[in-house]
Amino acid sequence: MAELPGCCQPCATCLLCLYSCRWISARKEKRKGLRTTKCDCSWFLFLFCVFLFTLVWLYFAIVILNDFHNFNEFIFKQRKLWLDWSLLLLVATAVLITYSAMLLILALCLQLCGQPLKLHWVHKSLLIVTALVVAAAFTGLGIKWAEEWRSARVSLQATGPFLHIGIVGGMTLLAWPLASFIYRSRNTGLKVFLLLVYSAVMVALYLSPLTITSPCIMEENQLPPKPALVGHRGAPMLAPENTLMSLHKAVGCDVQVFETDVMVSADGVPFLMHDEKLTRTTNVQDVFPERASLNSTAFNWTDLQQLDAGSWFLERRPFSTVQSLSAGDRKQASKQKIPSLEEVLEAAKHSNISIMFDLRPENHTDYQSFVNATLDTILQSGIPLQQILWLPDGFREQVKQQVPGVQQVYGRKRLQDEKEPLLHVNLPYQDMSSEEIRQYRQDNISVNLYVVNQPWLFSVLWCAGVSSVTTNACQVLKEMKHPIWLLPSSTYLMIWIVADCVSFLMILWAFLLLK
């Protein structure tokens with residue numbers, strides 16, 4: 001095998017030792033007459049596929065970070081164990097992608113140096129384990145968290161143009177070891193096959209921008225207004241969720257709507273609580289250990305007032321932002337109690353912030369009495385009814401009759417035979433396409449999408465024209481004055497043509513230089 005100029009023997013020996021675990025010099029290896037066999041080529045192909053497989057999982061891992069707090073809550077409900085699993089996910093993914101990437105780089109360098117690709121059995125075993133782990137991760141995602149596949153599709157609207165450039169760049173660099181292999185190989189059929197496959201892939205990549213759509217490919221003067229912010233249980237990254245402190249922190253983030261969850265105590269007092277049980281966000285296991293497993297609605301208001309609704313926030317640190325809280329905020333958080341709906345409405349009235357809530361649990365036998373108690377509290381509070389956004393579907397007609405001034409928000413899309421027009425909808429961000437958002441906006445229907453925490457996702461929905469978003473990260477989205485990126489179609493077309501032309505010239509240069 002011919003040896004490329006500039007590939008020194010010590011370097012080749014080092015690469016060979018790391019890839020093949022053969023602690024002899026590359027010169028001695030060459031004298032043995034060892035060549036890259038079909039089996040070795042198969043293992044290289046497997047390595048390349050594992051790398052791509054792991055790279056795709058890395059992309060998914062980054063995308064699902066927007067919704068990972070929901071996963072943490074799910075694990076806590078199942079196992080009563082609180083941990084920020086996103087950190088474990090990122091560390092594990094980083095280890096797998098780094099390992100497969102390093103092996104791939106070693107293989108490509110060995111090919112350029114004219115050395116045989118003799119992958120050691122330890123690396124083979126670890127690659128199989130890597131493939132199985134990633135396959136298990138994708139399987140688990142599909143079974144337990146299927147909506148994240150739709151999140152990935154949404155993410156392509158934010159990353160599509162940049163993924164195109166990155167993939168074209170990676171495939172362009174691959175032209176160098178490919179050209180080296182083709183000029184060294186004596187198998188004509190294999191050379192023709194590789195050239196045809198590589199050419200087909202590159203042609204597909206060069207034309208792929210024709211299929212890329214993103215609402216952020218638009219002129220600056222076409223950008224819709226910034227979506228309003230709805231605080232998901234307040235400002236849960238800055239204060240314990242569903243507390244008065246969380247409401248005040250949300251007001252400080254310029255949040256226009258405080259989104260929360262209401263339950264009714266055993267003695268008829270509406271209060272704020274998301275979970276059916278009190279174990280996650282209070283110290284009920286310490287105060288009422290024998291009743292800790294009961295539903296929140298089984299406690300009377302006097303019992304609920306004895307619970308600490310803030311210390312868990314400091315102990316479990318549901319978000320990384322907890323570590324940066326000031327001493328004053330920590331002290332205030334530790335003193336939080338479960339607030340009644342009456343207290344929250346009073347605070348909302350003085351802060352001029354709207355309140356949107358679900359009434360839980362919907363399947364309770366006394367649900368109608370819950371509705372009545374909630375409506376009575378709203379009417380007695382004196383809050384302007386237009387500041388109330390009513391989400392529950394149960395007994396909606398009764399609510400319309402008793403408090404006609406309340407804004408009705410629907411958790412579904414409009415129907416073709418809608419009896420009365422919808423004015424407000426509240427949906428998961430995965431459930432509405434950019435085209436639907438634009439159409440609802442043209443029809444003067446307010447669209448709120450939840451839960452939006454990452455700036456890339458907020459940028460896509462901003463460009464699409466959504467009215468508002470429910471978020472845990474109001475302090476982050478508040479600071480965004482502009483979408484992360486906005487490209488006029490003419491600029492994007494120019495970038496596409498230039499990138500493809502540069503790629504083609506570099507590939508041509510690689511094959512001519514190594515001939």
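Where in the chain is the place of His69?

Modeller: Happy to! His69 is in helix 4, which covers residues 68-79. Helices here are DSSP runs of H or I with at least four residues, strands are runs of E with at least two, and both are numbered from the N terminus. Before going on, please keep in mind that this is a predicted model, in which local features need pLDDT of at least 70 and side-chain atom pairs count only at pLDDT 80 or more, while totals for chains, interfaces and linings use all residues. Residues are numbered from 1 along each chain as its sequence is written, and side-chain values use heavy atoms, leaving out hydrogens and water.

With a relative accessible area of 10%, His69 is buried; that word means under 20%, with exposed over 50% and partly exposed in between, using a 1.4 Å probe and protein chains only. Leaving aside residues up to four places away in sequence, His69 touches Trp82, Pro318 and Phe319, where a contact means heavy atoms within 4.5 Å.

Two of those partners, Pro318 and Phe319, bring us to residues 227-481, where an unreviewed UniProt entry places "domain: GP-PDE". UniProt positions follow the numbering used here, feature names are shortened, and annotations may be inferred rather than shown by experiment. That span is 34% helix and 16% strand, and its end C-alpha atoms are 11 Å apart. Gly234 belongs to the loop between strand 1 (228-232) and helix 10 (244-252). Gly234 is buried too, at 0% relative accessibility, and it touches Ser246, Ala250, Phe258, Glu259 and Thr471, again not counting residues up to four places away. From Gly234 to Leu508 is 274 residues in sequence and 57 Å in space, C-alpha to C-alpha.

Now for the helices. The unreviewed UniProt entry annotates "transmembrane region" at several stretches, including 41-65, 85-113 and 493-514. Residues 85-113 are 97% helix, with end C-alpha atoms 42 Å apart. Helix 3 (residues 38-63) and helix 5 (residues 85-112) pack at about 150 degrees, their axes 9 Å apart. Axes are lines fitted to C-alpha atoms, for helices over the stretch in contact, and angles between N-to-C directions run from 0 to 180 degrees. That makes helix 3 roughly antiparallel to helix 5: angles over 145 degrees count as such, under 35 as roughly parallel, 65 to 115 as roughly perpendicular and the rest as oblique. Their contact includes Phe44 and Trp57 from helix 3 and Leu96 and Ser100 from helix 5. By class it has 17 nonpolar, three polar and no charged residues; Ala, Val, Leu, Ile, Met, Phe, Trp, Tyr, Cys and Pro count as nonpolar, Asp, Glu, Lys and Arg as charged, and the others, Gly among them, as polar.

Another pair is helix 7 (residues 147-173) and helix 21 (residues 489-513), whose axes come within 9 Å and cross at roughly 10 degrees. These two are therefore roughly parallel. Among the residues making the contact are His164 and Thr172 of helix 7, with Trp496 and Asp500 of helix 21. Here the classes are nine nonpolar, three polar and one charged.

Stepping back, the chain has 21 helices and nine strands, and 50% of its 515 residues count as buried.
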